[in-house]
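Let's take a walk through this structure together. Have the sequence and the 3D view ready, and we'll start with one side chain before stepping back to the whole.

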Amino acid sequence: MNRLWESALNDIKARISEENFETWFAPIEFRDQRDDLLVLAIPNKFYADWIDSHYLATLLESIKQNANKALSIEWIVDDRLQEASLKQHEPSAPPPPAPPRRATPTPNIRQRSSLNPKYSFDNFVVGPSNQLGYAASMSAASGNGKRGNPLFIYGGVGLGKTHLVNAVGHRFLSSKQNARVLYLSAECFTNEFIWSLQNGEMDAFRNRYRNECDLLLMDDIQFLAGREQTQEEFFHTFNALYHLDKQIVVTSDVPPKQISGMQERLISRFQWGLVADIQAPELDTRIAILRTKAQQENIILNDDVALFIGQSVKSNVRELEGTLLRLAVKADLLHRSIDLDFAKESLRSLLPSAEQATTVEDIQKAACEYFGIKLSELKSHRRHRAIALPRMIAMYLCRQRLGTSFPELGERFGGKDHTTVMSAVRKITKNVDTDAMVRDAVENIERKLGL
């Protein structure tokens, strides 16, 4: 049943912000399950009141989905969790009562870094889709990555950005005994800035981020978009740390230039160092991720089941691991082994429908994005190589990956004759083995689509 709780947590994490999850759900511990009652331990009664008021429906729905039946919740208070929470977290919602003016030094920043112990380089599965981000993070963690400072990691939801920044923090702390590490989300930075401004604590705030920090790790930097005053403060914090040669690592869901509402001078500074993207994992990496998670959770996972899940779930790592956990929970409840038939039967309702599968339009858009051209140009009759090559590669991928007929492809690509499509597919089929540029383009577009 502990696996049931972990699977439910996985669902909740995908529905709420990282900051709120770490504040309200990460401290909870599974204790027992009696009939239709789930017993959960919390740091104090306030947690139960807050969750009941704001997240009870989400919590019960996630548990029901993973247990295949409705369960009630019983909260028990454990003082040990309260102590651990005070050391590791600084809840920002709701705002805590204003503390007295600091008469004592700021607590050791190492104790307040709030790094997740589950995320390390050792359990990060590396593949072509995340290799650059991984290598850049390793360099930043070593303290020798000045050319890569700041490190800006971007990618979609659930692809491993948070895992990497936490891993950077752990490795940095293990190599530098007295290192001072700050890990937080941009949302938390904003909340703390506002509170400090309202309570006359700006000197302490600035001292914490500019003088008491050797490594700054900030998730979801795009949250600062449109917040001019917070951006102004972060700009000066960035400059102070950068000029002291302190490593800065930030993550975002989009590249720097695509963050609307972000000051140009901040975007420019994000591009001073290394910008690394993380894409959806390709099939081999997805299978490796499943095997790693199965080993961590003591789940017996056959190769054919791993292949089936890997082929079915392409969007992100979080959904991939969540699917495996849901399957394991159901197998435990029904006292079944996880074979291919059981996996297909159990996941039928959870896997993407045919309408959500990769389409010709998906491939066309991915090709346009990769080559930096417009969709109208891809479908045009222009024969310039800058347009013709992306068009032929897109046709090739549609034929190879979707099995779309030549006449249909001709129609979908602006009314081309089917013989034109056949010629394009033959040409790329030949060149993909001999032309490195073509091969790289095909592999990158496939990776972007999770194929």
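Find R180 to begin with: its relative accessible area is 27%, so it counts as partly exposed. Keep in mind as you look around that this is a predicted model. The partner to look for is D214, which makes a salt bridge with R180, with 3.2 Å between the closest N and O atoms. These two come from distant parts of the chain, 34 residues apart. R180 sits in the loop between α7 (161-175) and β5 (181-185), while D214 is in the loop between α9 (202-210) and β6 (215-219).

Now hop over to another pair, R291 and D303, whose side chains meet in a salt bridge at 3.2 Å, N to O. R291 belongs to helix α12 (residues 283-296) and D303 to helix α13 (residues 303-312), so this bridge ties together parts that are 12 residues apart in sequence. As for the surface, R291 is partly exposed at 44% relative accessibility, whereas D303 is exposed, at 53%.

For one more pair, go to E29 and R31, which form a salt bridge with their closest N and O atoms 2.9 Å apart. E29 is partly exposed, with 33% relative accessibility, and R31 also counts as partly exposed, at 32%. How many salt bridges are there by this rule? The count is 13.

Charges can also gather on the surface, and for that, look at D304, D339, D341 and E345, which make up a patch of negative charge. One of them, E345, is found in helix α15 (residues 340-347). With a relative accessible area of 42%, E345 is partly exposed.

Time to zoom out. The protein chain has 21 helices and eight strands, and 50% of its 451 residues count as buried. Its accessible surface is about 21,900 Å², with 48% of that belonging to carbon and sulfur atoms. What about contacts along the chain? Taking those with a separation of 6 or more, 75% are between residues 24 or more positions apart. The R180 and D214 pair, 34 residues apart, is where we came in.

Conventions. Residues are numbered from 1 along each chain as its sequence is written. This is a predicted model: local features need pLDDT of at least 70, side-chain atom pairs count only at pLDDT 80 or more; totals for chains, interfaces and linings use all residues. Side-chain values use heavy atoms; hydrogens and water are left out. Patches are made of residues with over 30% relative accessible area and no salt bridge: like charges are joined within 9 Å, nonpolar side chains (Val, Leu, Ile, Met, Phe, Trp, Tyr) within 5 Å. Accessible areas come from the Shrake-Rupley method with a 1.4 Å probe; for residues, only the protein chains shown count as cover. A salt bridge is a side-chain nitrogen of Lys or Arg within 4 Å of a carboxyl oxygen of Asp or Glu. Lys and Arg count as positive and Asp and Glu as negative; His and the chain ends are not counted. The place of a charge is taken as NZ of Lys, CZ of Arg, CG of Asp or CD of Glu. Helices (H or I, at least four residues) and strands (E, at least two) are DSSP runs, numbered from the N terminus. Buried means under 20% relative accessible area, exposed over 50%, partly exposed in between (1.4 Å probe, protein chains only). Contact means heavy atoms within 4.5 Å.
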